[in-house]
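The chain is shown first.

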Amino acid sequence: MIKIPSQKNTKKLRDEVEAYLNNIVMQSPVAIMILKGNDYTVELANDFYLQIVEKEKDFIGKPIFESLPELKTQGIKELLDNVMESGIPYYGKEMEVHMFRDEKRQQGFFNFVYQPIREYDNITTGIMVVATEVTEQVLAKKVLEKSEAHFRLMANLMPAKITNADAEGGVTYYNKNWLDYTGMSFEQLQSFGYHKIIHPDDLEEFKKRFHKAAETKTDLEMEMRFLNKGGEYKWHLNLASPVKDENGNIKMWLGVTTEIQKMKNEEERKDNFIKMASHELKTPVTSIKGYIQILLMMLEGGHEIHDPLQVKNSLVRVDKLISKLTRLITEMLDLTRIDESKLLLQKELFNLNELVIETVEDIRYTNTKNPIIINENFTCNVNGDRDRIGQIIINFIGNAIKYSPNNDMIEVRVFREGINKVAVSVQDHGIGINKKDHEKIFERFYRVEGKEEKTFSGFGIGLFIAKSIIERHNGSITIESEKGKGSIFTFILPMAAGN
Ligand code: ADP
């Protein structure tokens, strides 16, 4: 037998269910509101909702835009109208809404749904609004995004190559410099792999060191070669530091990689310089010792000297060798003084033409192979370190002789440059210099590499010293040269006042 509840009981049951549901809605930890009719009258708003909009119970029963007029101009009405008309729910994610809260207009962010409420005839008569405020999270996210963008920009502007890797060493970020260096996009580089851009001869060592750094949770530091977009391996100093979590476990690695190819080249050149310098210093010393021994033998036992000419020739040779030694030692001393910015100039007023003539005469005396002509278009005094400027002329003419294997003529010119400058140039018709080396030959220890050049000994410091000295006189050095066609080296100095 079915027990049919009486009408009175049915109403009671319905009231109870309604009260129960109402209770759930009212106590719900999300904001819930029900809007009814075309003016969106608030039929229900739970405590959470009232808290969000900072309203009292009298908020219920009034059209929403009456209580919150500021929402009307922010597109909310259009959204509600759409739901009402279409009967399709609307989901909002992190939507920005401005409301008067705490007595001022404030920004808030909300996740919400506008759920249409349909009556039995399927007509939408109201909208249920379920919302959660996510302002704090969105603002925190924005701060994080901003600082991330800031650091990304910083990482991209840094001259070093920066990587970020996970705890296992899998690279998750390459800065712009890495992408420019390898000529790959982030995705290409990621799939190509970090290990493949490491020089094969350095890879095993790198893996070993990385393993050790991971084990001991310490920095990795290694000089190693990385492949560039031109297919060349360049030396880099690679530093990887582990970033640890609060328990001291590695959570990621930060890598800073700096190109040191220039330094490596200079190191190599310096090594060659030391080898060459020892050789160049030893050769004249050995020869001097030889001449001295011959002279001593001649004088041994109080013998008369039979051949004074031979003695004179030997002494002339010794004198030349000592001059060469002195020059080498002076250059080396100057080099260290320039390095330490301690080069002192002994300035005096002197006639540049006289210095040129004197120097050329000295050279003619020891070098008879190449004819040297002087062309003076201008006579001029300068204020400077006479000895050092003389050394530069010797260096220019010395190079012109050294790099002219066919003993061609060398021309030295003194001429006016502009209004108040004077120039000395030395022209040869020797092996010449490729354009790509024009600037480099003024670098310390730089010597042009090539079959021809190898046959001439030298240190690669003369032009570096010349440039430093001329610049200390507020002057400049220029070069005009073509491979196989000879060279013109010119230094330009300010004229002394009263010229
Ligand atoms: P080095 O002692 O090697 O001659 P420098 O500094 O005087 O040192 O010159 C640097 C390099 O420049 C030389 O090694 C040479 O390759 C090149 N060079 C200098 N002068 C000449 C020249 N007149 N003709 C050709 N090459 C030259």
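**Phe59**

Phe59 is in contact (heavy atoms within 4.5 Å) with Met33, Val42, Ala45, Tyr49, Leu50, Val53, Ile64, Ser67 and Leu68, leaving aside residues up to four places away in sequence. The structure is a predicted model, in which local features need pLDDT of at least 70 and side-chain atom pairs count only at pLDDT 80 or more, while totals for chains, interfaces and linings use all residues. Residues are numbered from 1 along each chain as its sequence is written, and side-chain values use heavy atoms, with hydrogens and water left out.

Phe59 sits in the loop between α2 and α3 (64–67); helices (H or I, at least four residues) and strands (E, at least two) are DSSP runs, numbered from the N terminus. Phe59 has a relative accessibility of 1% and therefore counts as buried, a class that means under 20% relative accessible area, with exposed over 50% and partly exposed in between (1.4 Å probe, protein chains only). Between the C-alpha atoms of Phe59 and Ile479, which are 420 residues apart along the chain, the separation is 88 Å.

**Largest cavity**

The structure has one cavity of 30 Å³ or more. A cavity is a set of points on a 1 Å grid over the protein atoms alone where a 1.4 Å probe fits but cannot get out, and lining residues have an atom within 4 Å of a point. Points are joined across faces, edges and corners, and the volume is the space filled by probe spheres set on them.

The largest cavity holds about 220 Å³. Its lining has 16 residues, with Tyr49, Leu71, Ile76, Tyr114 and Val129 nearest the centre. By class, the lining comprises 16 nonpolar, no polar and no charged residues (Ala, Val, Leu, Ile, Met, Phe, Trp, Tyr, Cys and Pro count as nonpolar, Asp, Glu, Lys and Arg as charged, the others, Gly among them, as polar). Elements that each supply at least two lining residues include α2 (47–53), α4 (76–86) and β4 (104–118).

**Nonpolar cores**

A nonpolar core is a set of buried Ala, Val, Leu, Ile, Met, Phe, Trp, Tyr and Cys residues joined through side-chain atoms within 4.5 Å. In the largest, of 50 residues, Phe396, Ile397, Val422, Ile441 and Phe491 touch the most other members. Helix α12 (residues 386–402) gives the most to this core, seven residues. A second, separate core of 29 residues includes Leu68, Val97, Met99 and Ala131.

**Asn238**

Asn238 belongs to strand β9 (residues 233–244) and is buried, at 2% relative accessible area. Among the residues that Asn238 touches are Tyr194, Phe206, Met222 and Thr257.

Terms used:
On a 1 Å grid over the protein atoms alone, a cavity is a set of points where a 1.4 Å probe fits but cannot get out, and a pocket is an open set with protein on both sides within 12 Å along at least five of seven lines; lining residues have an atom within 4 Å of a point.
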